[in-house]
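Please keep the model open while you go through these notes.

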Amino acid sequence: MADGALADAGRKLDDAQAVDPENPDVWVAIARLRFRGGEHLTALEAADRALMLGPDHAPALLMRAFMVRDAHGPATALPWFEAALAADPENPDVWAEYAATLGDSGRGRAMLRAARKLAAIAPEDPRGPYLQAVLAARGGNPALARSLL
């Protein structure tokens with residue numbers, strides 16, 4: 001899927017689903033594939049299936065957060081990101097997307113706290129300083145933004 005071979009990824013996910021149809025990770029991957037392919041309604045069905053199988057499964061909650069953000073805007077998606085964080089408070093992917101969504105919602109201070117949390121739990125992850133640089137640039141401090149980058 002990452003290489004753009006969506007049809008091949010679809011076949012492999014069909015095989016994975018046949019082997020383990022109750023695995024929420026398989027359904028999250030199916031939702032990602034469908035979403036990436038522009039099949040938003042069937043992606044939503046797959047994400048809902050993943051949530052049915054794992055109501056507290058952070059990747060499923062994160063996928064749903066992406067979909068809500070895409071369809072209804074960043075502020076509406078924040079509770080989904082917060083649910084994903086409650087399910088897995090050390091997940092750097094959730095922290096990165098949560099921080100970005102906070103920033104896009106106009107909540108700069110909360111974005112900074114989330115970006116710093118990301119940097120603390122995943123110090124080698126480049127998204128921590130990048131998100132802080134975005135916030136500095138938005139705040140009119142290009143020198144700080146450059147130094148963070």
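Helices (H or I, at least four residues) and strands (E, at least two) are DSSP runs, numbered from the N terminus. This is a predicted model, in which local features need pLDDT of at least 70, side-chain atom pairs count only at pLDDT 80 or more, and totals for chains, interfaces and linings use all residues. Residues are numbered from 1 along each chain as its sequence is written, and side-chain values use heavy atoms, with hydrogens and water left out.

1. Start with α2 and α3. Helix α2 spans residues 24-36, and its axis lies 8 Å from that of α3 at an angle of about 165°. Axes here are lines fitted to C-alpha atoms, for helices over the stretch in contact; angles run from 0 to 180 degrees between N-to-C directions. The two helices are therefore roughly antiparallel (over 145 degrees; under 35 is roughly parallel, 65 to 115 roughly perpendicular, the rest oblique). Their crossing is left-handed, a term used if the near helix is turned anticlockwise from the far one by less than a right angle; clockwise is right-handed.

2. Look at the residues between them. From α2 come P24, W27, V28, I30, A31, R34 and F35; they meet H40, T42, A43, A46, A47, R49, A50 and L53 of α3. Contact means heavy atoms within 4.5 Å. This contact has 11 nonpolar, 2 polar and 2 charged residues. Nonpolar covers Ala, Val, Leu, Ile, Met, Phe, Trp, Tyr, Cys and Pro; charged covers Asp, Glu, Lys and Arg; the others, Gly among them, are polar.

3. Next, α3 against α4. Their axes are 9 Å apart and the packing angle is about 150°. This crossing is left-handed. On the α3 side the contact uses H40, A43, L44, A47, D48, A50 and L51; on the α4 side, A60, L61, M63, R64, M67 and D70. By class, that is 9 nonpolar, 1 polar and 3 charged residues.

4. Check H57. This residue sits in the loop between α3 (40-53) and α4. With 18% relative accessibility, H57 counts as buried (under 20% relative accessible area; exposed is over 50%, partly exposed in between, with a 1.4 Å probe and protein chains only). Leaving aside residues up to four places away in sequence, H57 touches P24, D25 and V28.

5. Then α5 and α6. Helix α5 (residues 74-87) and helix α6 (residues 92-104) cross at roughly 155°, with axes that come within 9 Å. That makes them roughly antiparallel. The crossing is left-handed. P74, L78, F81, E82, A84 and L85 of α5 make the contact with V94, W95, E97, Y98, T101, L102 and D104 of α6. These residues divide into 9 nonpolar, 1 polar and 3 charged.

6. How many aromatic pairs are there? The count comes to 2. Rings of Phe, Tyr and Trp (its six-membered ring) pair if their centres lie within 6.5 Å; planes under 30 degrees apart are stacked, over 60 edge-to-face, and the rest tilted. F66 and F81 have ring centres 6.3 Å apart and planes at 75°, so they are edge-to-face. This pair links distant parts of the chain, with F66 in helix α4 (residues 58-72) and F81 in helix α5, 15 residues apart. F81 is buried, at 0% relative accessibility.

7. The other pair is W95 and Y98. Their ring centres are 6.0 Å apart and the planes stand at 70°, so this pair is edge-to-face. W95 and Y98 lie 3 residues apart in helix α6, about one helical turn. Both are buried.
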